[in-house]
Amino acid sequence: MSKRIAIVGGGYIGADLAKSLDDSAEVSLIEPRSHFVHAPAMIRAVVDPSLLDRALIPYDRLLKNGRLLRARAADIDESGVTLDNGQRVEADYIVVATGSSNATPFKPEGDDVDGLRRANQRVHDQLKAARTIAIVGAGAVGTELAGEIAHAMPDKKITLISNLDRLFPTMPDKLGTALAGKLRDAGVTLVLGKRAENLQSLTEPYAGRLALSDGSQHDFDLIFPVLGSRASSDLVEGLPGTQKGTANRVKVDPWLRPSSLPNVFAAGDVADAGDAMTIVATSRLLPWLKTTLKGLMAGKPLDQMKPYKPWGPNAPILVPLGPKRGNSFLVLFTAGDLLTRKMKGADLFLRKYHKLLNRPES
Ligand SMILES: Cc1cc2nc3c(=O)[nH]c(=O)nc-3n(C[C@H](O)[C@H](O)[C@H](O)COP(=O)(O)OP(=O)(O)OC[C@H]3O[C@@H](n4cnc5c(N)ncnc54)[C@H](O)[C@@H]3O)c2cc1C
C-alpha cells in the first residue's frame with residue numbers, strides 16, 4: 001500500500017516535492033494561497049506591475065493524483081496534520097515547508113494574494129511619484145531593487161544604505177566590488193557602514209526622514225525597508241524538543257527533523273539546515289528529500305541513509321541589476337553581465353516555475 005505524505009506549504013520546497021512524489025505516494029499538499037508566489041520576479045514587479053500576471057502562478061494544475069488542500073495547517077502530531085478548518089490529514093510522513101515572510105510588496109501577508117496585487121500597485125504608484133528613494137538593507141533583495149529601479153526609472157535619485165562596509169561581505173570581494181561599481185555607474189548612491197536608526201516600519205515602504213548612525217538626517221519621498229526574511233515557524237515551534245535559531249528558523253538534526261517526532265521533517269526557509277534562506281538551497285534540499293522519502297517508503301531505516309549536506313557559505317548567488325546587467329558568484333568563478341542575464345536577469349526563472357506548475361509558457 002502506498003504511503004501517505006503530508007506536505008505543509010507549497011513554496012519552492014513544497015510544490016516541487018509534492019509534484020515529484022505524486023506518482024509514488026498519496027500526497028496531500030496543504031497550502032492556503034491560490035497562487036504560487038515566484039519571489040525573484042517580485043522585485044522587478046515593483047517597477048513593472050504587469051509582471052505579476054506571470055509571477056503569480058495558479059496551483060490548480062500542479063498535482064494529477066494527489067490532493068491540494070487550500071487551508072492553513074494549525075497543528076501537527078506524529079500521525080498527521082490538523083487544518084484550520086478542522087479537517088484532519090492522516091499521514092505516515094510530514095514535511096513542513098512553511099517558508100518565510102518578507103516586506104511589502106515582495107511576499108503576501110498570509111494567504112492574501114489579492115492583497116499582494118494591491119500592495120504592488122500602491123507601491124508602484126508611490127515609486128512613480130517619488131523623486132528620492134532610500135533602500136535600507138543591501139542584501140540580495142535590496143541590491144537588486146536598487147538595480148531594477150535605476151534601470152527602469154533612471155531619473156530617480158536612489159540611495160542604497162547598509163550597516164555593513166561592503167556589499168556581500170561574506171562572498172569573494174569581486175562580487176560586491178563589481179556590483180557596487182555598476183550601481184554607482186547607474187547613478188545609485190551607496191551609503192555603507194551606516195545604520196538607519198529610526199525606521200518607522202520594518203515591512204512597509206513609507207515617506208519620511210532617516211537618521212543614520214553617523215548623526216546625519218536625510219529626507220526621502222520613499223523608503224523601502226529591505227531587511228531580510230523571517231521564517232514562518234509557528235507551526236513547528238510547538239512540537240516536542242524544537243529549538244529556534246536565527247531569523248526565527250528552527251534547528252534540525254542531520255536528517256532535517258526539527259523535533260523528537262521521527263517522521264516529521266522541516267526544510268527550506270523555515271529550517272536552518274546550514275543553508276541560507278534561498279531557492280538555491282533547494283537544489284540540494286529537494287534531491288535529498290526525494291531520495292530519503294522514497295527510501296523510507298521502501299522500508300529503509302533513516303539512519304542508514306545519508307544525512308543532509310548543505311551548501312554552506314559557498315552557495316552560488318545571482319544578482320541581476322535589471323534585465324541586462326549584474327554579477328553572479330558561481331562557486332568556481334564570478335560572472336558578469338552576460339551570464340547573469342542569461343541565467344537569471346532576462347527571465348527571472350519564470351519559465352522554469354511555470355513548467356513546475358504545469359503551465360508551460362510557449
Ligand atoms: C523578493 C525576494 C526575491 C528572492 N529572490 C531569490 C532569488 O532570486 N534566488 C534565490 O535563491 N532566492 C530568492 N529569494 C528567497 C526565496 O524566495 C526563498 O528562499 C524561498 O521562497 C523559500 O522557499 P520555501 O519553500 O522554504 O518557502 P516559501 O516559498 O516561503 O513558501 C512557503 C509556503 O508555505 C505556505 N504556508 C505558510 N504557513 C503555512 C501553514 N501554516 N499551513 C500551510 N501552508 C503554509 C505559504 O503560503 C507559502 O506558500 C527571494 C526572496 C524574496 C523575498
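I will start at the surface. Val331, Leu332, Phe333, Leu339 and Met343 make up a nonpolar surface patch, and together they have about 490 Å² of accessible area. Keep in mind that this is a predicted model.

Phe333 sits in the loop between β21, residues 325-329, and β22, residues 334-335. Is Phe333 buried, exposed or partly exposed? Its relative accessible area is 43%, so Phe333 counts as partly exposed.

Next, helix α9, which covers residues 337-345. Which residues of α9 are buried? They are Thr340, Lys344 and Gly345. These three lie on the same side of α9, because the arc they cover around the axis is only 65°. On the face of α9 turned away from the buried side, the exposed residues are Leu338 and Lys342. What do the buried residues of α9 pack against? The list is α2 (39-47), α5 (140-152), β20 (317-321), β21 and β22.

The search of the whole structure gives 20 salt bridges. One of them pairs Glu148 with Arg44, with 2.9 Å between the closest N and O atoms. Glu148 belongs to helix α5 and Arg44 to helix α2, so this pair ties together parts 104 residues apart in sequence. Are the two partners buried or exposed? Glu148 is buried, at 2% relative accessibility. Arg44 is buried too, with a relative accessible area of 10%.

Another salt bridge joins Arg54 and Glu361, and here the closest N and O atoms are 2.8 Å apart. This pair links distant parts of the chain: Arg54 is in helix α3 (residues 52-55), Glu361 is in the segment after α10 (350-356), and 307 residues separate them. With a relative accessible area of 30%, Arg54 is partly exposed. Glu361 is partly exposed as well, at 24%.

Glu90 has 37% relative accessibility and counts as partly exposed. Arg88 counts as partly exposed at 29%. There is also a network: Lys182, Asp185, Arg325 and Asp337 are joined into one by salt bridges that share partners.

Stepping back to the whole chain, how is it divided into domains? The domain assignment gives domain 1 as 4-102 + 230-276 + 281-308, and domain 2 as 130-228 + 315-356. The C-alpha centres of domain 1 and domain 2 are 29 Å apart. Across the boundary, 20 residues of domain 1 are in contact with 22 residues of domain 2.

Where does Gly86 lie? It is in the loop between β7 (80-83) and β8 (88-90). Gly86 is exposed, because its relative accessible area is 54% and the cut-off for exposed is over 50%. Gly86 and Ala73 are 13 residues apart along the chain, and their C-alpha atoms are separated by 9.5 Å.

That is the end of the walk-through.

Note on methods. Residues are numbered from 1 along each chain as its sequence is written. This is a predicted model: local features need pLDDT of at least 70, side-chain atom pairs count only at pLDDT 80 or more; totals for chains, interfaces and linings use all residues. Side-chain values use heavy atoms; hydrogens and water are left out. Patches are made of residues with over 30% relative accessible area and no salt bridge: like charges are joined within 9 Å, nonpolar side chains (Val, Leu, Ile, Met, Phe, Trp, Tyr) within 5 Å. Accessible areas come from the Shrake-Rupley method with a 1.4 Å probe; for residues, only the protein chains shown count as cover. A salt bridge is a side-chain nitrogen of Lys or Arg within 4 Å of a carboxyl oxygen of Asp or Glu. Helices (H or I, at least four residues) and strands (E, at least two) are DSSP runs, numbered from the N terminus. Buried means under 20% relative accessible area, exposed over 50%, partly exposed in between (1.4 Å probe, protein chains only). The arc is that of the directions from the helix axis to the C-beta atoms. Contact means heavy atoms within 4.5 Å. Domain bounds come from an automatic or database domain assignment.
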